[in-house]
Amino acid sequence: MTDPVDVLIVGAGASGAAVAWSLAETRMRIVCLEQGDWMNPAEYPSAGRDWEARAFSDMSISPNRRKRETDYPVNDANSPISVANFNAVGGSTILYAGHFPRFHPSDFRVRTLDGVADDWPIDYRTLEPYYAENDRMMGVSGLAGDPAYPPKESVMPPVPLGRAGQAIAEGFNKLGWHWWPSDTAIATETYDGRDKCINLGACSSGCAQGAKASTDITYWPHAVRAGVEVRTRCRVREITTNGNGMASGVVYYDRDGVEQFQPAEVVIVACNGVGTPRLLLNSTSGRFPNGVANTSGLVGKNLMFHPYASIQGIFDEPLDGYRGPGVCIWSQEFYETDPSRGFVRGYTYEINRGRGPVATALTGMFSGRIPFGEGHHEAYRQLFSRIAGMVGICEDLPEEHNTVTLDPELTDGHGIPAPKIDYTLSENSRRMLDHAVARATEVLTAAGAKDVITEAPIGVGGWHLMGTARMGTDPERSVVNEWGRAHDVKNLFIVDGSIFVTSAGVNPTRTIQALALYIADSMKKRLANLFD
Amino acid sequence: MPDTIATDNPFTADEQRTLLALVGAVIPASAEFGTPGADDPAIAADILATARPYHATVAIALDQIESTAAKRYDAAYSDLDASTRAGIASDLSRSRFAGVRTLVTITAQCYYRDDRVMRSLGMAPRSPYPDGFDIPQGDWSLLEPVRQRGRIYKEV
């Protein structure tokens, strides 16, 4: 047994880093257990000639393809969307693109506004100061004044429009539709020890420049300097509880594969929408036979992805191609519910600049636009640096039949049951995807595209994992309360995307981190009676 | 076999013959653009090295390719003309045989990082880091009509 700690955090990703940094000022003894490693940016793909190929192998977004020792397998055979994640200090922020939108005020009131799903127990105003604090810690670039949002400041100027952004912005303007420079977690100026973006174009395989805000280079250096201990290659098997129904610590395997018990006064779970329910469901006892904190039976239920539509135009003129961050501009023209569209809620368009030479070849060859053999090179040159478009990121509504459970057979390298995903695309999502494809095609055509390539949903696009330990005030209808504490276990907290009540139509990381800071602040304000 | 192909790879001589015949048919050399084919010795060696971890999958695909050649033309795949070989590869890449897609993917990965190919596309043959690339700022005045339209978010 190792020495007891005050706070034990499981997972060093987006939320684990934020909550650790915030709690560090309490001077409590805080330890974070992370199954992955510290990453070395000098080894990221963009530092090598094989930068595109590695996105198919050791830096793939899919743990099943990547198969690093630090990964766990995911059985997502029963889902049209497969899980994307990364296991390391920094978690999936290592591989995210850095799209960094906030939720909108309406996203917290879905039940009230549209009669579907549930309202959150908190609102936009509650999170607003934590959004701002997180923006400073992560270093957010953007342009103030976006009419799709309440007023908010930006820390740094936006990423360049570039040729692709300009062409597509002109398309939006022709239709009179909203667009705005994206808020990005990419430093456009030197910031907090990070260098500025130099347009490497491989953001989603790790940023060798250190311009992209992965938490290993944002929150963690500050948290570690403040005394937080990060133990890497430590995979947690279960949360243990005592006779009083309180969490007593965790059982984990250390880097040598040796089973350890880490006692703790407070346990914080930060493993996101698949890892968190997996851990809770695997933490069974006499008091919690169906998994810890699962009296409601909702742990692992209501899994939400964001179904993505990809709509890419082919232009006559060269655009940005392989250069520049994938993030560029966004449009929230179709964000709020309009009953005439045939679905509730809405989506965001995120404009993609282009793609690399390998991705261009594969897009062309597998869509039939580049022939095998004769004519290959001529057709290739009609696409190279001429593809630009967007993705539509659709709000996914919670449905209890979309689940994360424990696979009865598949296990990770330590014998811990792997997560099993059962997910069905709803009719609402299907209609929203169709709408996103149709409207984006209009935009790209207006922008001058001569051809459009579409995919909906993107099969490998399970980047966002939410809803599987939802927040609420009713213990029968939620897993954690309105400040992240498990209803069932008063010293167990969850701070990641699993506590989302609804998914909104935007990337979740900024909200996950704002929630983590809000929960940390709630804990600090209640330290004297935290377990009451 | 080209002598640049490593001898410690798991591919048999027959598999290498089929693989080279396939990749050279999928991406042939071009005199017009001054580019090698994917069966160029250096590129082929890269393909074989990259395909090693996927040998089991690729070997099944190569066997399927030979079976298809035998069934359709009663000939070894490598004995067919380039157009016919490309046609078989194209057909199988659209079928349920994931291995052919894997092989085509690896071929593209290795081909489009070759110095000669990158230069032919106007790219500097280098990694993105550390020099990066330039992107024009673009015309931010395009935002004016968006600003003029005013607020679109829903206050609650």
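This is a predicted model: local features need pLDDT of at least 70, side-chain atom pairs count only at pLDDT 80 or more; totals for chains, interfaces and linings use all residues.
**Entry 1: where the chains touch**

I started with the contact between the two chains: 44 residues of chain B are in contact with 53 residues of chain A. Two residues count as in contact if their C-beta atoms, placed from the backbone, lie within 7 Å. H4(B) gives the largest share of chain B's side, 5 residues. Helices here are DSSP runs of H or I with at least four residues, strands are runs of E with at least two, and both are numbered from the N terminus.

Residues are numbered from 1 along each chain as its sequence is written, while chains are lettered from A and ligands numbered from 1 in the order in which they are written.

**Entry 2: a sheet in chain A**

Chain A has 11 helices and 16 strands. I traced an open sheet of 6 strands, in the order E4-E10-E11-E12-E9-E15, with antiparallel pairing. Two strands pair if DSSP finds at least two bridges between them. At the edges I found E4 (180–181) and E15 (451–455) of chain A, each pairing on one side only. E9 (residues 308–314) of chain A is joined to E15(A) by 5 bridges. Within that pair, I looked up A:Ile311, and its bridge partner is A:Thr454.

**Entry 3: chain A overall**

How far does the C-alpha trace of chain A span along its principal axes? I got about 70 × 50 × 45 Å.
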